[in-house]
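Trainee: Hey, can we walk through this one together? I'm still getting used to reading helices.

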Amino acid sequence: MFLSKPLSRRFCESAAGDQILAAIIQNRPFDASLLLPSPNRSVWTTDTVSEVLRSIPRFLFRSPRSIGRQSGFRHRSPLRQRNLREESDKARTGKLLLGPAAYRDPEKVKLGLEKALEFFDWVETHSGFTHDELTCREMAIVLAKGSGLLKPLLFFLKKMSKRGLVTTPTITCLIKVLGEEGLANEALFTFYRMKQFHCRPDVHCYNTLIYALCRVGKFKKAKSLLQQMELPGFRCPPDKFTYTVLISSHCRHAMETGCRKAIRRRMWEANHLFRLMLFKGFVPDIVTYNSLINGCCKTFRIDRALELLGDMEKRGCDPNRVTYGSFIRYYSVVNEVEKGVEMMRRMVARGHGVATNSCYTPLIHGLCEAGRAAEAWDLVVESVNGGSIPREHTYSMVIKGLEAAGEMKHFLDGGEVCSRIEEGIRCRSGEAEKHRPFFARKHALF
């Protein structure tokens, strides 16, 4: 609840915000003409100033390759702690730069930082606007996203703390942003400087910092923070979200190590934290169970995953589609598709979720790889009748499997189903097709 407001489709609804944003992008000075009264121009408010500051990273800090990318967390490479000095050397010598700062234009980033600071001072000195906690927070986020350097960020926070505008939610939001940028060390340093800004960390601040450290693989430091919180009489004792963050991080990063011994160690730590959480008297929620069940299924510990499923049902915590999806993917990988289908039927029968593409796709792929294309086609028809259109790759895999098995009669008999699938695929990719060159478009599936 302490995070900045999400970007809307139109970033600056007022005419004043539009004019300021255009001046920032075009690198024009802020003159008095931007302050002239107009019937279509609203007075500077906290929301307008915050929208302008939030728009600067959107237009100037993002790389061209990130425009139109998927905003979800799946299929994203793991973060690593960034080395800003090494990144600056690579950018200067023209070497390939990977990570959150890849393919950014250094000139645009520099322009955005300079214009953001100039606008922050200009709007207060020339328009009579008084900054508050929200605008201070947005300006600090711009500094954190732009350079990642602690010196200008800490200087700004120290200056604003003298005016009483730096609070614990502001530092918590900064720690989250630095963690998303792969700057966990900088987030930890900012956390230790909170006392200098007359702020005291709370449990939400600790949880955010622990998650930022876990994202870059600094589990020892995250565990030391947990041990500090567990000390008798500590001002910020851990809550169930603290343990959930650590459990989910251990399970998520277990398979990224590439070492069997490290994977076993990560999963042992996750199960140990789960038992410690129960010993402390905390009741795990659906997120805790889903994280641990997913980790156990990915590491082929199906007995432990089934044990956790029974335990969550005994505690009155109903599983959802994510819970059953972990089992369905496991049974599809180990070629026990019947059990995966049974798990999907169980989910629908108990009202714990609706079967969608996330449930059907691994089962269909498992059947195709086992040479059971006819059964895979039956699941495709079932998914279409349920309102889920399969992906193009899944559809083509089933067709190729039917051709190889000589069972194209199933495909020919389902002409209506095929037309619905092809129409759904065209509608799904319609927006992407508009932006492709004409010669590169696909006019038909086959």
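Trainee: What should I know before we start?

Mentor: This is a predicted model, where local features need pLDDT of at least 70, side-chain atom pairs count only at pLDDT 80 or more, and totals for chains, interfaces and linings use all residues. Residues are numbered from 1 along each chain as its sequence is written, and side-chain values use heavy atoms, with hydrogens and water left out.

Trainee: OK, how far apart are the end C-alpha atoms of α7?

Mentor: They're 19 Å apart, which agrees with the 18 Å that its 13 residues, 168–180, should span at 1.5 Å a residue. The expected span is 1.5 Å times one less than the number of residues. And a helix here is a DSSP run of H or I with at least four residues, numbered from the N terminus.

Trainee: How many residues of α7 are buried?

Mentor: Eleven of the 13, so α7 is largely enclosed by the rest of the structure. Buried means under 20% relative accessible area, exposed means over 50%, and partly exposed is in between, with a 1.4 Å probe and protein chains only. Among the buried ones are T168, P169, I171 and L174.

Trainee: Which helices do those buried residues of α7 pack against?

Mentor: They pack against α5 (133–146), α6 (150–161), α8 (184–192) and α9 (203–215). Contact means heavy atoms within 4.5 Å. Just after α7, G182 takes a positive phi of about 75 degrees.

Trainee: Switching to α17, which of its residues are buried?

Mentor: C359, Y360, P362, L363, I364, H365, G366, L367 and C368. They pack against α15, α16, α18 (373–385) and α19 (392–405). After α17 comes G371, with a positive phi near 80 degrees.

Trainee: At what angle do α17 and α18 cross?

Mentor: Roughly 160 degrees, and their axes come within 8 Å. That makes α17 roughly antiparallel to α18. Under 35 degrees counts as roughly parallel, over 145 as roughly antiparallel, 65 to 115 as roughly perpendicular, and the rest as oblique. The axes are lines fitted to C-alpha atoms over the stretch in contact, and angles run from 0 to 180 degrees between N-to-C directions.

Trainee: Which residues make that contact between α17 and α18?

Mentor: On α17 it's Y360, L363, I364, L367 and C368, and on α18 it's A373, E375, A376, L379, V380, E382 and S383. By class, that contact has nine nonpolar, one polar and two charged residues. Ala, Val, Leu, Ile, Met, Phe, Trp, Tyr, Cys and Pro count as nonpolar, Asp, Glu, Lys and Arg as charged, and the others, Gly among them, as polar.

Trainee: And what about α12 and α14, how do they pack?

Mentor: α12 (260–279) and α14 (302–314) pack at about 20 degrees, with their axes 14 Å apart. That makes α12 roughly parallel to α14. The contact is made by N271, F274 and R275 of α12 with R304, L308 and D311 of α14. Its classes are two nonpolar, one polar and three charged residues.

Methods. Helices (H or I, at least four residues) and strands (E, at least two) are DSSP runs, numbered from the N terminus.
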